[in-house]
Amino acid sequence: MKKRINLALQGGGAHGAYTWGVLDRLLEEEDIEIAGISGTSAGALNGAALKAGLMADGKGGDRAAARENLEWLWEQVAGIQDFRLAHWFAPLAPATELYAAALESSPLFMASDMVSRVVSPYAYGPFYVNPLERIVRHFDFDRICAKGGPEFFVSATNVRSGKIRVFSGAEICPGAILASGCLPAIFQAVELFDATTGQTEAFWDGGYTGNPALFPLFEGDLPADIVVVNINPLHRPDIPRSGADINNRINEISFNSSLLRELRAIHFVRELISEGKVKRGGMRDVLVHMIADDELMRSLSVATKIVPSPIILSRLKEAGRAAAERFLSEHKQDLNIRASVDLQEMFG
């Protein structure tokens, strides 16, 4: 019997390669059906590659094509032709924490980071280029927007209103994917005609308002199970001291805040249902699962989010596969039966 799940894919720049590894492992499970996908930023890129691949057979079941699509995506992000080279060299490179620290302290990164803080992306005029555009333009949007396969939702932030905008179905275009990953200090806002407002709107990264948005996965005939792939550490035991560490933690907190609000709302509803204050079926009883590796993500830095080192991407993919393997071993039997995240412990 198939187990149907929804996927909620967080954004976090190049750290999204961890999600690639998670998806790569989940796609090996023939009895797990992906019914819905909500993605933001890197999660939107992964989600688009995943759905386009699944729809290669016209039915939403081409797992091999989905895995190939995801590998192609991250080869493009890394700027290499074959990830096997990075995989072979990864064991020979310094430890991940040392590699991340060296990257963060490199003169080139420090200079580019300084420029991004004082120079507007609009200052580049005709020389401005969004480096993700060359990748997104190669996505097969006929497959991404197809009615078959998993339902797909992409989140962005409306610059004027500060509200979340969730794109779905035929609304998902190259601009929507680029908008979802538009960090305002690095990229110019993505402007799109928005049928909901009847005018052209400017959009920034969806991480500010939904990283990722869970509520689109509550409706319709989608399953109750939501598997969150979390790539921003929820907890850091040490107080950040350096300017870079402080800014990185501020970014993590802001990009986790919307997810935590939605998880708290789910916890509240589940308590109302369990206490009999709301009839079962009156509100959606969501079963939350999470795949994460906070220890690994704490060893990385803002530099590894922005600079897509093939070595780090390869390690992130393998870590994602390992985390998915642990999740399947410990909680696959829970899918469609019970939640594996203790929201009472998280918020009680």
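L9 has G39 of strand 2 as its bridge partner. The chain crosses from strand 1 through helix 1 (residues 17-26) to strand 2 in a right-handed β-α-β crossover, right-handed meaning that, with the strands pointing away from the viewer, the path from the first strand over the helix to the second runs clockwise. This is a predicted model, in which local features need pLDDT of at least 70, side-chain atom pairs count only at pLDDT 80 or more, and totals for chains, interfaces and linings use all residues. Residues are numbered from 1 along each chain as its sequence is written, and side-chain values use heavy atoms, without hydrogens and water.

**Strand pairing**
- Strand 1 (residues 3-9) pairs with strand 2 in the parallel sense over 7 bridges; pairing requires at least two DSSP bridges between the strands.
- Strand 2 also pairs with strand 3 (residues 151-158) in the parallel sense, over 5 bridges.
- T40 stands opposite S155 in strand 3.

**Burial**
- In strand 2 (residues 32-40), 8 of the 9 residues are buried (under 20% relative accessible area, 1.4 Å probe, protein chains only).
- Across the protein, 51% of the 348 residues count as buried.

**Whole protein**
- The protein has 14 helices and 8 strands, taken as DSSP runs (helices H or I, at least four residues; strands E, at least two) and numbered from the N terminus.
- The C-alpha trace spans about 60 × 50 × 45 Å along its principal axes.
- Of the contacts (heavy atoms within 4.5 Å) with a separation of 6 or more, 78% come from residues 24 or more positions apart.

Terms used:
Buried < 20%, exposed > 50% of the residue type's maximum accessible area, 1.4 Å probe, protein only.
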